Amino acid sequence: MMSFVSLLLVGILFHAIQAEQLTKCEVFHKLKDLKDYGGVSLPEWVCTTFHTSGYDTQAIVQNDDSTEYGLFQINNKIWCKDDQNPHSSNICNISCDKFLDDDLTDDIMCVKKILDKVGINYWLAHKALCSEKLDQWLCEKL
């Protein structure tokens with residue numbers, strides 16, 4: 001019984017280490033590969049991810065007929081594939097659960113595809129909340 005409890009605790013801790021709640025400055029620096037891609041600045045991305053997921057790499061939002069995953073809330077109907085939506089277009093050619101860890105490499109690759117195909121307006125928060133007065137989203141320190 002004791003080994004089961006230990007194993008359970010290790011499993012919980014391992015899962016907690018795999019994803020994280022980021023800070024504004026961490027997001028700013030982790031998203032440097034998106035700087036000015038598609039004409040979107042880093043402060044715009046910091047603002048957009050804050051209003052989209054609260055900087056939470058494990059954020060999952062269930063909608064009526066779809067689910068959105070991770071920091072960028074990437075939707076399973078078109079961009080990634082999961083068990084809920086096995087007939088997804090899966091344009092990013094990835095399992096949706098890959099957007100739930102703290103390695104943002106695959107997230108950023110998919111975000112670039114989204115920008116190329118539909119633009120920044122995919123993220124509804126951007127136009128409403130992140131297109132002006134962006135000084136508060138700057139972060140130059142590590």
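In what sense do S2 and S3 pair, and over how many bridges? S2 and S3 run antiparallel to each other, paired over 2 bridges. The close-ups below come from a predicted model.

**View A. An open sheet of 3 strands, in the order S1-S2-S3.** Pairing in this sheet is antiparallel. Its edge strands are S1 and S3, and each of them pairs on one side only. Look for Tyr69, which stands opposite Ile74 in S3. Strands of a sheet pair through backbone hydrogen bonds, either parallel or antiparallel.

**View B. The salt bridge between Lys77 and Asp65.** Here the closest N and O atoms are 2.9 Å apart, and the count for the model comes to 1 salt bridge. Lys77 sits in the loop between strand S3 (74-75) and helix H4 (105-117), while Asp65 sits in the loop between strand S1 (60-62) and strand S2 (67-69), so the pair ties together parts that are 12 residues apart in sequence. Both partners are partly exposed: Lys77 has a relative accessible area of 38%, and Asp65 has one of 45%.

**View C. The largest nonpolar core, with its 35 residues.** The members that touch the most others are Leu31, Trp45, Phe72, Ile74, Val111 and Trp123. Helix H2 (24-30), helix H3 (42-53) and H4 are the elements that give two or more residues to this core. H4 supplies the largest share, 5 residues.

**View D. Leu31 and its contacts.** Setting aside residues up to four places away in sequence, Leu31 touches Leu42, Trp45, Thr49, Leu71, Phe72, Leu104 and Ile108.

Terms used
Residues numbered from 1 in each chain as written. Predicted model: local features only at pLDDT ≥ 70, side-chain atom pairs only at ≥ 80, totals over all residues. Heavy atoms only, no water. Salt bridge = Lys/Arg side-chain N within 4 Å of Asp/Glu carboxyl O. Helix = DSSP H or I, 4+ residues; strand = E, 2+ residues; numbered from the N terminus. Buried < 20%, exposed > 50% of the residue type's maximum accessible area, 1.4 Å probe, protein only. Core = buried A, V, L, I, M, F, W, Y, C linked by side-chain atoms within 4.5 Å. Contact = heavy atoms within 4.5 Å. Pairing = 2+ DSSP bridges.
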